[in-house]
Amino acid sequence: VAAYTNESGQLVLQGKFNVQVITKLLEMFVQKYVKCPTCGSGDTRLEKKGRIFILKCMACGAETTLEAF
């Protein structure tokens with residue numbers, strides 16, 4: 001079992017995984033690091049400002065400070 005990102009920044013999972021567990025983890029990741037908490041849009045960008053990450057929504061302009069991942 002292995003998980004890594006390739007040269008394109010894509011997540012690669014190798015091995016046998018429980019589909020329900022992977023689905024739940026991906027849903028949690030998208031909810032926390034992709035979807036705008038203000039408007040729900042997925043049109044967001046992660047920006048690093050110093051030592052913190054900001055989730056910037058391209059749809060509504062909201063900026064949300066995120067915990068490190």
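Reader: Which residue takes a positive phi in the hairpin of β1 and β2?

Author: First, a caution: this model is predicted. In that hairpin, G9 has a positive phi near 85°. Five residues lie between the two strands.

Reader: How do the strands β1 and β2 pair?

Author: The general idea comes first. Strands of a sheet pair through backbone hydrogen bonds, in a parallel or an antiparallel way. Here, β1 (residues 2-5) and β2 (residues 11-14) are antiparallel, with four bridges.

Reader: What is the order of strands in the open sheet?

Author: Read β3-β4-β5. The sheet has three strands, and the pairing is antiparallel. Its edge strands are β3 (44-49) and β5 (63-66), each of which pairs on one side only. On average, neighbouring strands in this sheet are turned by 30° against each other, direction ignored.

Reader: How many bridges join β3 and β4?

Author: Six bridges, in the antiparallel sense, with β4 covering residues 52-57. To place yourself in this pair, find L46; opposite stands L55 in β4.

Reader: Which side-chain oxygen reaches the backbone nitrogen of Q20?

Author: One from N18, at the start of α1. That oxygen comes to within 2.8 Å of the Q20 nitrogen.

Methods
Residues are numbered from 1 along each chain as its sequence is written. This is a predicted model: local features need pLDDT of at least 70, side-chain atom pairs count only at pLDDT 80 or more; totals for chains, interfaces and linings use all residues. Side-chain values use heavy atoms; hydrogens and water are left out. A polar contact is a pair of N or O atoms within 3.5 Å; within protein, one must be able to donate a hydrogen and the other to accept it, and residues adjacent in sequence count only if both atoms are side-chain atoms. Two strands pair if DSSP finds at least two bridges between them. Axes are lines fitted to C-alpha atoms, for helices over the stretch in contact, and angles run from 0 to 180 degrees between N-to-C directions.
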